[in-house]
Amino acid sequence: MKLNLKNLPCGSLPYHNTKLCKQMMLRLYENVPFLPYLPKINSEDNIIKRTTDNLPCLYINDKGITLENDITMLNSALEEYDSDINKVNGYEKFSSSAVYINEYLAILKRLQPTETVLRLFGPFSLMQKIQNIEINDLLSEQNYRKYIVLSYSLKAQWFINLIQKTVPNIKILILFEEPLLNKFGSIKRRYDSVTKESLITLYAKIFSKIHHLGGYVGVECFEKCNWQIPIDSGVDLISFDGYNNPSSLSIIYKKINNFLAGGGYINWGFVPVNSENTVKNLKPDVLSDKLTKSMTQLACDGVHSELLFSRSTVSTIGNMDNLSIFFAEKALILSMQLSKKIPVSFNSPAMNPQ
C-alpha cells in the first residue's frame, strides 16, 4: 500500500452548516477530502448511526443498541445477506445517510483526488455496545459472528461503490474507530471462549472483504491496547495516541518493523483537542519538537527509522464537535503543519531543531 497523505482527517466537526465545512475542506484537505460527521446540523449524524443505518435485526433507541437474539430470525436475515452480497447492487439497501454526503461527492467529482478517508465505528466496539447479548457470545457464536462480518462487508461495499462511481481509481481508506479495543484484555480474562484468535479471525474476514473491493483498512484507538491484534488481522494503518503514550509501540518493535516493511502505516494522534483551552495553548514549535523526539525514541527502541519516518501520518486526538469552529480549525491547521515536520532521516534538519 502506498499513501501520499501525511495528515489523517478527523471525524466529527462542529460546523452548523455544510458551506463552512466545504470551505475548510477545500482549504486544508484538497488532496484528501473526507466524509465528516456534523452532529451540530443533525444529532443523528454520528459514527454509530452511520455505521448501523439500515442493518436488519439491529435496533437503536434511547436505551441503547440491541441485536435480535431469536436465532431463527437472525438466520433468516443472514440468508438474505448471503443473497444480497452476491447480487449486482444488492448492497444498496444497506446505505447510510450523511449530512455532508452531497458536498463530499461534489468535491470528489471536482477535484478527482487520489485518496479519501471514511470513518466507521469499529466492529469490536460496536459488539460491546450491544446490550442484550454478552460479548463472549458475539465473538464465539457462529451466527452472531457471521452477522457482524456480513454487516460490515455490505456497509463497506456500499460506501466503496458510491465513491468509486465518482472517482473510479481513488484509494479509499476505511478507518475503524475502536475506542473500546483497550478492553479486550479484561474481556479475554473474564471469558474462556474469548481468545485473541477469535477477534483476529473476525477482523481478518472484514478486512479481507474491504481489500477485495479495492479499499484499505485502518484501526484507531487512542487508549493503550494490544496492537498485535489488528496487525495480525491484515490492517493497513494503525492510529494511536502518540502524544500521551508515545512509547506504547516500543514493546512490540519487531512486530512494528514487519508491519512497516510490509507496507503498513502508523498514524500519530498528536494534537490534543479535549478542550478549547488545551487547543488555545498549543504551540507549533513545541508540538513539532515533541513529535520529533517521540519518533526518534521509537527508532532508538528498535523500529527501523527510515521506514518509520516515511510511513507515518499525523492527526488530532479525537473528534472536535465539542469545540467552537475557531478552535477546531486551529487544531486542524496545527495537525496539517505538524504533518509537514515529520522527520525524513536521522540527518534531516527536523532531527536537530534549533
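The legends below describe several close-up views of a predicted model.

**View 1. The open sheet of six parallel strands.**
Six strands form an open sheet in the order β3-β4-β5-β6-β7-β8, and their pairing is parallel. The edges of the sheet are held by β3 (115-121) and β8 (312-317); each has a single partner strand, so one side of each has no neighbour in the sheet. From one strand to the next, the twist averages 25 degrees. In a regular strand, side chains alternate between the two faces of the sheet.

**View 2. The pairing of strands β6 and β7.**
Strand β6 (residues 237-241) and strand β7 (residues 265-272) run parallel and are joined by five bridges. Which residue of β7 stands opposite Phe240? The residue opposite Phe240 is Trp268.

**View 3. Two helices packed on the sheet.**
Helix α7 (residues 142-166) packs on the sheet and touches β3 and β4. The direction of α7 makes about 145 degrees with that of β4. Helix α11 (residues 253-261) also packs on the sheet, where it touches β6 and β7. Between the direction of α11 and that of β7 the angle is about 110 degrees.

**View 4. Glu177 in strand β4.**
Glu177 belongs to strand β4, which covers residues 171-177. Is Glu177 buried or exposed? Its relative accessibility is 12%, and Glu177 therefore counts as buried, the limit being under 20%. When residues up to four places away in sequence are not counted, Glu177 touches Ile47, Arg119, Leu120, Phe121, Gly122, Ser125, Glu220 and Asn319. Among these, Arg119, Leu120 and Phe121 fall within the range of edge strand β3 (115-121).

**View 5. The cysteines Cys221 and Cys225.**
A disulfide is a covalent bond between the sulfur atoms of two cysteines. The structure holds zero disulfides. For Cys221, the nearest cysteine sulfur is that of Cys225, at 4.1 Å. For Cys225, in turn, the nearest cysteine sulfur is that of Cys221.

Helix α9 (residues 196-212) contains 17 residues. From its first C-alpha to its last, α9 reaches 24 Å, close to the 24 Å expected at 1.5 Å a residue. Which residues of α9 are buried? They are Ser198, Leu199, Ile200, Leu202, Tyr203, Ile206, Phe207, Lys209 and Ile210. After α9 comes Gly214, which has a positive phi near 95 degrees.

**View 6. The largest nonpolar core.**
The largest nonpolar core has 123 residues, and the members that touch the most others are Leu13, Leu67, Tyr147, Ile266 and Leu308. Helix α7 supplies the largest share of this core, with 12 residues. Leaving aside neighbours within four places in sequence, Leu308 is in contact with Leu260, Ile266, Trp268, Met295, Leu298, Ala299 and Val303. One of these contacts, Trp268, is the residue in β7 that stands opposite Phe240.

Strand β1 (residues 58-61) pairs with strand β2 (residues 64-67) in the antiparallel sense, over four bridges. The two strands form a hairpin with two residues between them. In this pairing, Asn61 stands opposite Gly64. Ile48 is part of helix α2 (residues 47-52). Leaving aside neighbours within four places in sequence, Ile48 is in contact with Ile60, Ile65, Phe121 and Lys129. Along the chain, Ile48 and Leu202 are 154 residues apart, and their C-alpha atoms are separated by 19 Å.

Cys57 is not a glycine, although its phi is positive, at about 75 degrees. Cys57 lies in the loop between α2 and β1 and is buried, with a relative accessible area of 11%. Gln112 also has a positive phi, near 50 degrees, in a residue other than glycine. The loop between α4 (101-111) and β3 holds Gln112. With a relative accessible area of 42%, Gln112 is partly exposed.

Definitions and conventions. Residues numbered from 1 in each chain as written. Predicted model: local features only at pLDDT ≥ 70, side-chain atom pairs only at ≥ 80, totals over all residues. Heavy atoms only, no water. Buried < 20%, exposed > 50% of the residue type's maximum accessible area, 1.4 Å probe, protein only. Contact = heavy atoms within 4.5 Å. Disulfide = S-S within 2.5 Å. Pairing = 2+ DSSP bridges. Axes fitted to C-alpha atoms, helices over the stretch in contact; angles between N-to-C directions. Expected span 1.5 Å × (residues − 1). Core = buried A, V, L, I, M, F, W, Y, C linked by side-chain atoms within 4.5 Å.
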